Amino acid sequence: MRPSADGRLRARRRALAALLALPLAAGAQIDAGPYVPSPSVIVDEMLKLGAIRGDDYLIDLGSGDGRIPITAAQRFGARGFGVDIKPELVKLANENAARAGVADKVRFERRDLFETSLAEASVVTLYLLPGIVTKLVPKILAEMKPGARVVSHDYPLAPWKEDRFVQFDTPEKEPISGTTRTVLYLYTVPARVGGEWRLELPPSVAQQPARLTLAQHPMGTRGSVTIGKRVIALGEVKVSGDAVRLAIPGLGGGGKPLVLEGRARGDVIEGTAPAPWRATRP
Ligand SMILES: C[S@@+](CC[C@H](N)C(=O)[O-])C[C@H]1O[C@@H](n2cnc3c(N)ncnc32)[C@H](O)[C@@H]1O
């Protein structure tokens, strides 16, 4: 007996669900996209935008011939690490590091960039397809330290809003990527402040602890403060690295907002402006 149209649809859905649930088989191909090196003038601009220093640890995701970490080590003495899915490029990058005399500072491994921990990086650089860059946003925000920087060549980490971007023309790029246009984007990883906090406001504002609720997204952070039964939507929430600024409408005297400025360190946010205040995880 032939299955009904409904039955066929259900069978197709089951087959699709099974396919989606399959883990990537060992040795399965990852669509790595093309290898297109960043011309050296762009590497220089990326390192400048990322304000690379000697104490940085830079990870290049999709490191190609290793030029970004190698240049950072040569120019600034920064330590570096790079991963690429293509073994021949990893081999070339390690050889290039040795030739440049920085093999003690820079290392390359064959690895999927999505399986590379970013926890230790103070800077991450990227020149990847736009779809990959966008998929990396939650991983970067979850793993990188507050204040760490990300520099992306040509593709923004949407929907995360960049701190700065620079654009210029690079004639060297035309033969390899068909355009002279270059845009570099800089991001600073914000402290992870989303969730509930017990808020001790300056005593002149409230004697009893209040509740601070923050919802953090790549596009920004919103929130509210609850004092007793009064819920006040925050006017401004700015989190840049570990610096936190919260504006609570109407509590600043004379109908003005109370603007709290402080720093987030793990499970504590505290500051002294405009008077000592502190938020802790309940
Ligand atoms: C456009 S090239 C950039 C190379 C280098 N970062 C530069 O700017 O000169 C992108 C590199 O990312 C690598 N790649 C793409 N997807 C990857 C993945 N999932 N894991 C590791 N490497 C990947 C490619 O093999 C390629 O070498």
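This is a predicted model: local features need pLDDT of at least 70, side-chain atom pairs count only at pLDDT 80 or more; totals for chains, interfaces and linings use all residues.
**Ground rules**

I number residues from 1 along each chain as its sequence is written.

**Entry 1: overview**

I began with the secondary structure and found six helices and 16 strands in the chain. Helices here are DSSP runs of H or I with at least four residues, strands are runs of E with at least two, and both are numbered from the N terminus.

Next I looked up burial: 32% of the 282 residues of the chain count as buried. I call a residue buried if 20 or more other C-beta atoms lie within 10 Å of its own, exposed if 12 or fewer, and partly exposed in between, with C-beta atoms placed from the backbone.

Then I turned to contacts, meaning residue pairs whose C-beta atoms, placed from the backbone, lie within 7 Å. Among contacts between residues at least 6 apart in sequence, 54% join residues at least 24 apart.

**Entry 2: the seven-stranded sheet**

I traced an open sheet of seven strands in the order S3-S2-S1-S4-S5-S7-S6, and its pairing is mixed. Two strands pair if DSSP finds at least two bridges between them. At the edges I noted S3 (106-110) and S6 (164-169), each of which pairs on one side only. Neighbouring strands are turned by 15° against each other on average, direction ignored. For such angles, axes are lines fitted to C-alpha atoms (for helices, over the stretch in contact), and values run from 0 to 180 degrees between N-to-C directions.

Gly82 has Phe108 in S3 as its bridge partner.

I also asked what lies across this part of the model. Helix H2 lies across S4 (123-126), S5 (149-153), S6 and S7 (181-188), and runs at about 25° to S7.

**Entry 3: the cores**

The largest one has 44 residues, and Met46, Ala121 and Val124 have the most contacts inside it. Helix H2 (residues 40-49) gives this core its largest share, five residues. Apart from this core lies another, of 20 residues, including Val193, Ala210, Leu258 and Ala264.

Leaving aside neighbours within four places in sequence, Met46 touches Ser38, Ile68, Thr125, Val151, His153 and Leu184.

**Entry 4: hairpins**

I moved on to S9 (residues 210-217) and S10 (residues 220-227), which run antiparallel and are joined by seven bridges. Two residues link them in a hairpin. Leu214 has its bridge partner, Gly223, in S10.

S10 also pairs antiparallel with S11 (residues 230-233), through four bridges. Here Val225 has Ile232 in S11 as its bridge partner. These strands form a hairpin with two residues between them, and Gly228 in the turn has a positive phi of about 60°.

**Entry 5: around the ligand**

I listed 25 residues around the ligand, of which Ala32, Ser38, Gly62, Gly64 and Tyr127 come nearest. My cut-off is a C-beta atom, placed from the backbone, within 6 Å of the molecule. Helix H3 (67-76) and strand S2 (79-84) each supply at least two residues of this shell.

By type, I get 14 nonpolar, six polar and five charged residues. Nonpolar covers Ala, Val, Leu, Ile, Met, Phe, Trp, Tyr, Cys and Pro; charged covers Asp, Glu, Lys and Arg; the others, Gly among them, are polar.

Most residues other than glycine have a negative phi, and most peptide bonds are trans, so I looked for exceptions.

Ala158 and Pro159 are joined by a cis peptide bond with omega of about 5°, and Pro159 is in the loop between S5 and S6. That loop also holds Asp154, whose phi is positive at about 75°. Asp154 is buried, with 22 other C-beta atoms within 10 Å.

The bond from Ala273 to Pro274 is cis too, with omega near 0°. I found Pro274 in the loop between S15 (268-273) and S16 (277-280).

Note on methods:
A nonpolar core is a set of buried Ala, Val, Leu, Ile, Met, Phe, Trp, Tyr and Cys residues joined through C-beta atoms within 7 Å. Two residues are in contact if their C-beta atoms, placed from the backbone, lie within 7 Å.
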